[in-house]
Amino acid sequence: MYLGIDIGGTRLKAGLVDRTGRIERMAAAAAPKSREALEQALPALARQVLDGAAPAGAGFGCKGIVDTNTAEVRTMPGEWGFLVGVRLRELLQGVVAPDLPVSADNDAKAALAGEVAWGAARGRRDVLMLTLGTGIGGAILADGRILRGASGVAGHMGHVTVEPDGPLCICGNRGCLEAVFSARAIEAEAWTATHQGCVSPMTNVLRTTPAALDCRFIFDQAARGDLIAQGILERRIKVLGAAIAGLLHVLDPEVVILGGSIAEAGAALFEPLQREVDWRVEGLLKRSVSLLPNGVADTSGVVGAAGLAYLAAFERMV
Ligand SMILES: [Zn+2]
C-alpha cells in the first residue's frame, strides 16, 4: 500500500493505492487558503484514507517545483503560493511512522511515475510524457530514471520555444509550446475568430452561447466539418508534432505518452499528430515512435503521487 497525495489543484486529495495501482480509498477536501489551514487539513485527510493502515511509502504530487531531496516546495504558482518553503514530509508528522519514506515531485513527474509503475511506461527505460490540458506538463524517463536536471526543472516541455515571436507565455517567454498548443490557447483562437466576426457553425454557437467554449467543443466542431475549427486544430497539431519531433531527436525515447484532457480527443488528435511526427523523424531515427494514450486512468493525481513512492521503494532495492 502507498499513500498518494495530490496538492495544487482545486481540491486537496489523498488516496491509498495498492501494489497494482488500484485506489483502495480516497478522500478530498476544499483547497486550503493558508499554510495553517493546510497543516490542519492534510493530516486529517491522510488519517481518513489510511484508517489505521500502515503504508510502505508516501508520495506527494505537487504543482510547481519541488526539491526532491528535501521535499521542500521551491516555487508554486497561484493560490497555493503559501506552500513555498514548506517541507511536505513534515505535514505527515504524527500521521505515519517517523521512518516512512516520503517522496515528493512535480505533478507531471508524478504522473510519469504512475505510468512507469502501472501504466504505459511499464518495463520501459526511455519515455517522454506530455500532459495536454489547460497547460502542458511534461516529464522524461531517461535510462530508467525520471530526469530532474540541475534545479529540478527538467521536463517542462510545454516551455520549449516553437515560435520565437509567438504569443506571450505565463513563464515570461514568447512562443512556448504551451502558448500555442494547450486548451487555453486553442480556445483563445476560437474566441478571437468569433469576436472578429468569422462565420461558421462553431462561431455561430459561440456568439450566442459563450459558455460552450472549451477544447472538446472545438474538436467536436472540427469532426462535424467546421472549417474554422479544423483550421485552428490543423495548424496547432502541426506545431505540436514539430515540437515532439525535435524532442525525439534530442532524447530518442522508445515511446511518447500523451495524457491530459486534450488527449481524450483520441484518434482526432493521435492520427494527424503521429503522421506529423513520423515524417519529421524518419530521416534521423529510421523508425516511427509510437504516441500512446496514458495507461493510468486516474484524473485525481493520487495514483501518480503513490507511483513516486512505489518507484522510490524500487530504487532503494536496486
Ligand atoms: Zn513558457
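**A helix pair and its surroundings**

Tutor: Helix α2 (residues 107-118) packs against helix α9 (residues 302-317) at an angle of about 65 degrees, and the two axes are 7 Å apart. Axes here are lines fitted to C-alpha atoms, for helices over the stretch in contact, with angles from 0 to 180 degrees between N-to-C directions. α2 is therefore roughly perpendicular to α9, a label for angles of 65 to 115 degrees, whereas those under 35 count as roughly parallel, those over 145 as roughly antiparallel and the rest as oblique. The model is predicted: local features need pLDDT of at least 70, side-chain atom pairs count only at pLDDT 80 or more, and totals for chains, interfaces and linings use all residues. Residues are numbered from 1 along each chain as its sequence is written. Helices (H or I, at least four residues) and strands (E, at least two) are DSSP runs, numbered from the N terminus.

The crossing of α2 past α9 is left-handed, that is, the near helix is turned anticlockwise from the far one by less than a right angle; clockwise would be right-handed. On the α2 side, the residues in contact are Asp 107, Ala 110, Ala 111, Ala 113, Gly 114, Val 116, Ala 117 and Trp 118. They meet Val 303, Gly 304, Ala 305, Gly 307, Leu 308, Tyr 310 and Leu 311 of α9. Contact requires C-beta atoms, placed from the backbone, within 7 Å.

Strand β7 comprises residues 102-106. It pairs with β4 in the parallel sense over five bridges, pairing being assigned if DSSP finds at least two bridges between the strands. Asp 105 of β7 stands opposite Gly 61. β4 also pairs with strand β1 (residues 2-7), in the parallel sense over six bridges, and there Gly 4 has Gly 59 as its bridge partner.

Six of the six residues of β4 (residues 57-62) are buried, so this strand is largely enclosed by the rest of the structure. A buried residue has 20 or more other C-beta atoms within 10 Å of its own, an exposed one 12 or fewer, and a partly exposed one a number in between, with C-beta atoms placed from the backbone. In a regular strand the side chains alternate between the two faces of the sheet. In β4, Gly 57, Gly 59 and Gly 61 point one way, while Ala 58, Phe 60 and Cys 62 point the other way.

Technical notes. Two residues are in contact if their C-beta atoms, placed from the backbone, lie within 7 Å.
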